[in-house]
Amino acid sequence: MGFQQEPSWIIQFKSNDTVMAYSPQKKKMQPFFLMFDHGDVYNFANEYFRIKKISKDSLVFQRLHLQKKEISKDIRSDVNITYYSENYLKNVLKTTAAELQKPSKADTLYVQKLSARSNRNPQNLDSAFAGRQPVEFTPVSKLIKVKKITTVDPIMGRTQSYDYLFPYYRIDIDKSYKDFAYEFNVLVNANGKMYLTSFANVLPEYRRPEKSH
């Protein structure tokens, strides 16, 4: 659907119970307590991980998604991360972490496949593909004001990805002929054409006349 898990984590084990993890937002390494949860599940940096493989040169973690302390058994928990030691990167693979973090050919082909399906079915919500750069609305009149509103909510599990997967906007029209306020969803195709999909908080018998407005 357009979500990208960015491989931006760098970790260092400082002791048996402390992990340093790189913060892309603060652009620095930060210390976190390594907490053993149960089985092979650990927590650090406010995330839960299952250790899948350990060798002298690499670690493979499975990043877990939790809801009310229960591990989700769907695709949200099917995210695997491979960490290589600095020595292995430099002397064996002879590359850098930055190079390995770049999208692969398989990633490119996958995105092209989803984009093509979305372009073939621009009005179908099930085929929609959210690009990393969300839609921008440019007012054609000085009477119209548009503001993009963030819906990130850590408590509800809404991460920063929601702001490009499901961008939310407030549109104000000054001097309109009557007061009104509607919340609605639209799909926008690659050429900028909009397709109205649904109204929120509108009774079914009023949806058709409101759509015609």
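A residue is termed exposed when its relative accessible area is over 50%. The views below are taken from a predicted model.

**View A. Lys175 in the loop between strand 12 and strand 13.** The relative accessible area of Lys175 is 77%, and the residue is therefore classed as exposed. Lys175 has a phi near 55°, a positive value in a residue other than glycine.

**View B. Lys27 in the loop between strand 2 and strand 3.** This loop connects strand 2 (18–23) with strand 3 (28–33). Lys27 adopts a positive phi, near 55°, although the residue is not glycine. With a relative accessible area of 63%, Lys27 is exposed.

**View C. The hairpin of strand 4 and strand 5.** Strand 4 (residues 35–38) and strand 5 (residues 41–44) run antiparallel and are joined by three bridges. His38 is placed opposite Val41 of strand 5. Two residues lie between the strands of this hairpin, in which Gly39 has a positive phi near 55°.

**View D. The largest nonpolar core.** This core comprises 10 residues: Ile11, Val19, Ala21, Leu34, Phe44, Ala45, Phe49, Leu59, Phe61 and Tyr83. At least two of its residues come from strand 2, and at least two from strand 7 (58–64).

View E. When residues up to four places away in sequence are not counted, Ala45 touches Trp9 and Phe32.

Technical notes:
Residues are numbered from 1 along each chain as its sequence is written. This is a predicted model: local features need pLDDT of at least 70, side-chain atom pairs count only at pLDDT 80 or more; totals for chains, interfaces and linings use all residues. Side-chain values use heavy atoms; hydrogens and water are left out. Helices (H or I, at least four residues) and strands (E, at least two) are DSSP runs, numbered from the N terminus. Buried means under 20% relative accessible area, exposed over 50%, partly exposed in between (1.4 Å probe, protein chains only). Two strands pair if DSSP finds at least two bridges between them. A nonpolar core is a set of buried Ala, Val, Leu, Ile, Met, Phe, Trp, Tyr and Cys residues joined through side-chain atoms within 4.5 Å. Contact means heavy atoms within 4.5 Å.
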